[in-house]
Structures are given as C-alpha cells and as structure tokens.
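Student: Got a minute to go through the sheets and helix packing with me? Let's start with strand pairing.

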Amino acid sequence: MQLYDIKGPEDIKKLTIPQLMDLAQEIRSFLIESISKTGGHLSSNLGVVELTLAMHYVFDSPKDKFLFDVGHQSYTHKILTGRANRFATLRQKDGLSGFQKRNESEHDPWESGHSSTTLSGALGMAIARDYRKEKYEVLALIGDGALMSGMSMEALNDIGSKQKKVIIVFNDNNMSISKNIGGIEERITNVRSSKFYRTLKKDVKGGLSKKSVGESILTGMVAIRDRLKSEMVHGGFFQEFNIDYLGPVDGHNLKELIQTFETAKQHNGPIVIHAITKKGKGFSFAEKDQVGKWHGVPPFNMYSGEFYQKSPTNEKSWSEVISTTLMDLSKQNENIVAITPAMANGSKLLEFQKQFPDRFFDTGIAEQHTVTMACGMALSGLQPFVSIYSSFLQRAYDQMNHDLGRMDLPVVIGIDRAGLVGDDGETHQGIYDIAMLRNIPNLILSQPKDAKEAQDLLYTAFESKQPFCLRYPRGNVKYKKKESYTRIPIGSWTKLQIGEKPKSIIISYGPDVDRIVHSAKENGNECIVVNARFFKPLDEEMLDYLFNTQLPMHIFETDCKIGSLSSAILEYKNKRDQDVQILGIEDHFVTHGSIRSLRIQEHIDLASLFKEIEQDE
C-alpha cells in the first residue's frame, strides 16, 4: 500500500497482520526520510507507529475520538487520515501542523501542545457522550512522562471516580523528552519488571489469543484485576484510581495490540492499556538517545545522524549563554542551585548537572511544583535558578503570584524560548509572559539585548535577592565570556542617539535593539534607539526625558501588545499626563480585612471616587 494513496483509516481495515507490519515499516521509513528534510518531532513518532495503526484498525475515527498527549506524536495518525502528501510542508507557514489541529482534519478532535491535558479532555468528551446518549469511544494516548504530571493525576482520580468509559493508551517508553525521574516512574518501573507481571503478561496474551472477544475474556479480565489487587502492593498503580488495566503488552506487536484493543472495546468503564514501546524505534541514533537530542530535531543527515544546522564558533544559543554564566556564578556562590521541569537538555543544563550533581534538580513535567519547591529552597537559604520555557510558565502562574511574588523570595526564573518560536505554532509561542507577569507585585522582569548584557543581568538577578525573571529567546547570539560581571541598576534603560538631530524615538528590547541600530545607521535614519531591558520596573526618569523631547515615539513590540511593554509605557504616560483618572488597586498585594475597610484603604470606595471628581471640577 502506498502511503500517498491512503485517504482515511478505512483503507487499512482489510489488511492482514503481515500487511500491517509492512505498512508500519513503510511509515517508519517515510517519517525518518521526511523529518530529515523538514525537521520535527522524530523519536516520539517512531515509537507509536504500531500503536496508532492498531488503534485505527480496531476503532473508527472520526466517530471514535483519538486524543494524543502530547499532540506531537500524531504523525502516524496524520498519515492514516490522508495527510501523507502534505508532510513536505510540516511545521511551515500554512502547512501541516506538527500537532493535532481541529481545522486540519475531522480526525483531530483535540489539540494539545503542552503535556497532560488529554485525560481531562477525554473525560469531558465521555461525559458529554453519555449525557447526550451517543455511542462512540474516546481514546487518549499518553506517554509516561505526561502521565506523571499533576494534571494527569487529577484526571485519573476523576476518571476512576466517575467510571465513564475512557480507554487510556499508556505509551510506556521510560522517556518523556529525556529519561523520566520520580517516584511514580519508580512505581511504573516495578510494574514493568516484576516477575508477577511478566507471568501475567503471558496469561493476558494467552487469554487474548482467541479469535472472538466474548464473555470468557471479560471474565478473565476481572480475574486479572482481582489478582492485581490481591498480589501487588495496593493492587497496582492504576487500580488505586479504580481504573481497570490490561498489560503490559508489546507496543510493537500488532497482533497483540489489536487483540488487546478489541478487548478494551468490549469493556465497560475506564480501562488502561499499558503498552511498552521503544522511543525512536527503527532509527539507531534516536534509539540510543537518553537526553532528548532526537526528540525535536532540525533537518539532519539520515545516514550519519549529523544535524545540518551548525552554529558559528563565536556563537552560543541563548540557553547556553545563561547556563554557562550560571555555572560560573555557581563556582563563586555555593548556594546557587538549578531546577528544571523535564527540560534539562533544551535548557542546556546537562553540563551544570555534571559539574554540580548535588545542586541540580529535575522535577519532571510539573511546572507548578517546580516554582513552589524553589520558593521553599529560597526560604531555607538557597538561591534557586529555575529554567522554564515561556509557554510552559503559563501553567505555573498561580505559584508565581501566590508563592514567589507574594512572599517576595530570591528566586531567579529563566524564561527560555521567550518571544516567537516559529515552527511549533500557537501552543508554544512565548509571547504572553510579559503581560502575564507584569501585574505581579515584587516581581522584576527583564530581557537582555546581547550576551554581554545577559551575563550581567543574571549576575544582577542573584545579587538583587528579589524575585527576578530573565527572559531570553530561542536561537543563537554572539558570545564572549566576561572576565567580571557588572551589576545593572534595577529598572534602568539605555539609549543611543543616531545622528545630530534625531527625528523620532524607537523603544524596543532584546536582540532587536542592535538590529534596529544597525538598520537605522545603514539607512541614515536619525533617531534615538532605547534599550528597554526592564519591563518592570520601568525607567521612569528615561521616559520623562523621552516624552519631553516631543519627538514621535515608536514602540517596537515583538510580543503581544496587550499588557506588555507598550501597555506599560502608555499606562505611565497617562499617569504622568493625567489624561484619564484611574482608581484601582496599586502594584502591591492586599492584606486581610473587611471588604469595606480594604476599599477605603485602597481608595476604591465611592467616597474616594466622588472626591476625585470634585477635585477635577
């Protein structure tokens, strides 16, 4: 069968097991060759080829709902739903998305770019299905890294409580992006390796070898469940959530997978299919990867395993600049520790881990826990550096506010992948963190324009002993290690005048500052270029000077306009010029008291309002 001829899942339903096995190999070869040209998520998709084939063979999409957690492991699903001919456009503008996309196909009922959302989504669909008395299956394919997050635990708890029919396909490869860690991972490892389960697996395979799925197999499932409860501690991990279980099964054995899915299809109530897979299967470089190098890749040579994109020798990625500086500062300050929620490789912290193994902490996919744990460390004498991607930091907003900002703790948050990130699309664009964080009292928020300023700002962050957020983009920057660091005054901006008689003002931040300066000089534009390296606090003295020039002002904003730098400047201008009187709660946390007393304290009572009006008349 030619992949380009597949119009939908119905095209594979009459294939024999050997034909499906051949198709799996064809898909795997296609993925390696295609992704080697476009880049994309490789290892995760190579690991779920047979799983996805078996799901589509047994179930009927789009009637049955397939949810992939995270959506980046849906490439085989896209092929089987008629999208193979669009893979040359993968992750390109107006091309095929790297995730499930509802407007791309009726076979994509859910979208997820962040992990651990699909179990909750699947339960919601199952509740709606039963309420509306409709008939279809809801399947959620979730990896073991995503299964260990707090949101997944909440969903498992509710799924077990409500007993709605959800089929959870547990893709167990002992890897999320890099190797998994944590107590739950140890529980799963015990399940994988125990002699009882190895024996049980044979029993399950024997029970599923019958051609028909009838009462005898369902009875056998109950017996398996009872053995789990009686012979394992607390009845097994999933049994603790009151969810039935099948497995472990070989995630690359199509016959075994199909039989297991057929059994799950006849089952009533929630059930987990535990499939053991090999991440990166079929591509030796990816199979050996333990740090996440082959998780998401740029174009590469499929024979040598070499990536085509290579950085110039005088450049480092922004993540490397920060991590290199962090290691240097850690040699001087033994209280500095580094924390990351499962992004050690992406955040370039593996070398820190090697140099300071006792001072490095990977919390797994748990951004909320990560920030609050850092707060506990800070309260106990340490100076944590927390590296989180901008789009993932959204998941920890409550902790940034409630724990970090409110308690005013000396934690440095490295906001990696800030700004536009490109190929991954809406779920990963890091354009919201300025607006999200600027309203939190006590928080300092900054971004360097170059590697020199990045080193000094990270040094300043630790010296400040305050909640300090340092954002930096994806990509590379020219780098030279500083011999010593300079403390930058908090809230200070810098400016450069181009020409003797500037005709305008351009305010920007990050790497765009130097690009603007270069372009203005090249084009003979006489202007003042401002490096607004702090979003909070603002450089009000500089702003007063700029407004007094009466020159046209242009704010070059590379993040969302609402709530970011431009909003901050306009708020200050209004406050300065008093064009509109605003009564509201100022930039601080409000203590306890009666609502009436707090309104009076914050000058948001009606008496304050009408007093303000009288003064204006």
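This is a predicted model: local features need pLDDT of at least 70, side-chain atom pairs count only at pLDDT 80 or more; totals for chains, interfaces and linings use all residues.

Tutor: Strands S11 (residues 383-389) and S12 (residues 412-416) pair in the parallel sense over five bridges. Strands here are DSSP E runs of at least two residues, helices are H or I runs of at least four, and both are numbered from the N terminus. Two strands pair if DSSP finds at least two bridges between them.

Student: OK. Which residue of S12 is the bridge partner of Phe385?

Tutor: Val412.

Student: What is the strand order in the open sheet of seven strands?

Tutor: The order is S10-S9-S11-S12-S14-S13-S19, and the pairing is mixed. The edges are S10 (360-362) and S19 (534-536), each of which pairs on one side only. From one strand to the next, the twist averages 20°. Angles run from 0 to 180 degrees between N-to-C directions, and axes are lines fitted to C-alpha atoms, for helices over the stretch in contact.

Student: Which strands does H15 touch?

Tutor: H15 (residues 367-379) packs on the sheet against S9 (336-340), S10 and S11. Contact means heavy atoms within 4.5 Å. The direction of H15 makes about 165° with that of S11.

Student: And where does H19 lie?

Tutor: H19 (residues 451-464) lies across S9, S11, S12, S13 (444-446), S14 (468-471) and S19. H19 runs at about 165° to S14.

Student: Back to H15. At what angle does it pack with H17?

Tutor: About 15°, with the axes of H15 and H17 (residues 397-407) 9 Å apart. H15 is therefore roughly parallel to H17; the cut-offs are under 35 degrees for roughly parallel, over 145 for roughly antiparallel, 65 to 115 for roughly perpendicular, and oblique for the rest.

Student: Is the crossing of H15 and H17 left-handed or right-handed?

Tutor: Left-handed. That means the near helix is turned anticlockwise from the far one by less than a right angle; clockwise would be right-handed.

Student: Which residues meet there?

Tutor: From H15, Gln368, Val371, Thr372, Cys375 and Leu379; from H17, Gln399, Met400, Asp403, Leu404 and Met407. By class, this contact of H15 with H17 has six nonpolar, three polar and one charged residues. Ala, Val, Leu, Ile, Met, Phe, Trp, Tyr, Cys and Pro count as nonpolar, Asp, Glu, Lys and Arg as charged, and the others, Gly among them, as polar.

Student: New topic. How do H3 and H4 cross?

Tutor: The axes of H3 (residues 49-58) and H4 (residues 75-83) come within 9 Å and cross at roughly 40°. H3 and H4 are therefore oblique to each other. Their crossing is right-handed. Val49, Thr52, Leu53 and His56 of H3 make the contact with Thr76, His77, Leu80 and Thr81 of H4. That contact has three nonpolar, five polar and no charged residues.

Student: What about the sheet of five strands?

Tutor: The order in this open sheet is S2-S3-S4-S6-S5, with parallel pairing. S2 (65-69) and S5 (244-250) are the edge strands. S5 and S6 (residues 271-276) pair over five bridges. Tyr245 stands opposite Val272 in S6.

Student: Which strands does H11 lie across?

Tutor: H11 (residues 254-266) lies across S3, S4, S5 and S6, at about 170° to S5.

Conventions. Residues are numbered from 1 along each chain as its sequence is written. Side-chain values use heavy atoms; hydrogens and water are left out.
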